[in-house]
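Work through the exercises below with the sequence and the model side by side. Try each task before reading its solution.

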Amino acid sequence: MGINSEQDIEANLQIGPTSLGMVRMFIEATGGIEIPMDFEPEEAEEIAEELRAAAAQARKVK
């Protein structure tokens, strides 16, 4: 499975700070799958920059 492979899986994404000063991305998918991912604030900012860059590239495709 790659970035361009479509899947028929539904998931919910929650993002927020933890009580330990981390940023958590929590993914809940069909079938009871739960994936908590914790990041240092600096890592979260890097991810946000990557999301912005990907969004800018995606706009060029359309």
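**Exercise 1. Which residue takes a positive phi in the hairpin of β2 and β3, and how many residues lie between the strands?**

Solution. Start with the strands, which are DSSP runs of E, at least two residues long, numbered from the N terminus. The hairpin of β2 and β3 has three residues between the strands. Gly-31 takes the positive phi, near 90 degrees. Now turn to the other hairpin, formed by β1 and β2 with five residues between them. Gly-21 sits in that turn, and its phi is positive at about 80 degrees.

A note on the source: this is a predicted model, where local features need pLDDT of at least 70 and side-chain atom pairs count only at pLDDT 80 or more, while totals for chains, interfaces and linings use all residues. Residues are numbered from 1 along each chain as its sequence is written, and side-chain values use heavy atoms, with hydrogens and water left out.

**Exercise 2. In what order do the three strands form the sheet, and which are the edge strands?**

Solution. Pairing comes first: two strands pair if DSSP finds at least two bridges between them. Seven bridges join β1 to β2 (residues 23-29). Seven bridges also join β2 to β3. The order is β1-β2-β3, in an open sheet with antiparallel pairing. The edge strands are β1 (11-17) and β3 (33-39), since each pairs on one side only. From one strand to the next, the twist averages 15 degrees. Check two positions by eye. Ala-11 stands opposite Ala-29 in β2. Val-23 has Phe-39 in β3 as its bridge partner.

**Exercise 3. Which residue forms a salt bridge with Arg-24?**

Solution. Apply the cut-off: a salt bridge is a side-chain nitrogen of Lys or Arg within 4 Å of a carboxyl oxygen of Asp or Glu. The structure holds one. Arg-24 pairs with Asp-38, and the closest N and O atoms are 2.5 Å apart. Arg-24 lies in β2 and Asp-38 in β3, so the pair ties together parts that are 14 residues apart in sequence. Next, look at exposure (buried is under 20% relative accessible area, exposed over 50%, partly exposed in between; 1.4 Å probe, protein chains only). Arg-24 has 33% relative accessibility and counts as partly exposed. Asp-38, at 35%, also counts as partly exposed.

**Exercise 4. Which elements does the protein hold, and how is it spread out?**

Solution. A helix is a DSSP run of H or I, at least four residues long. From the N terminus on, the order is β-β-β-α. The radius of gyration (taken over C-alpha atoms) is 14 Å. Finally, the C-alpha trace spans about 40 × 30 × 15 Å along its principal axes.

Notes:
Axes are lines fitted to C-alpha atoms, for helices over the stretch in contact, and angles run from 0 to 180 degrees between N-to-C directions. The radius of gyration is taken over C-alpha atoms; the globule rule is 2.2 Å times the number of residues to the power 0.38.
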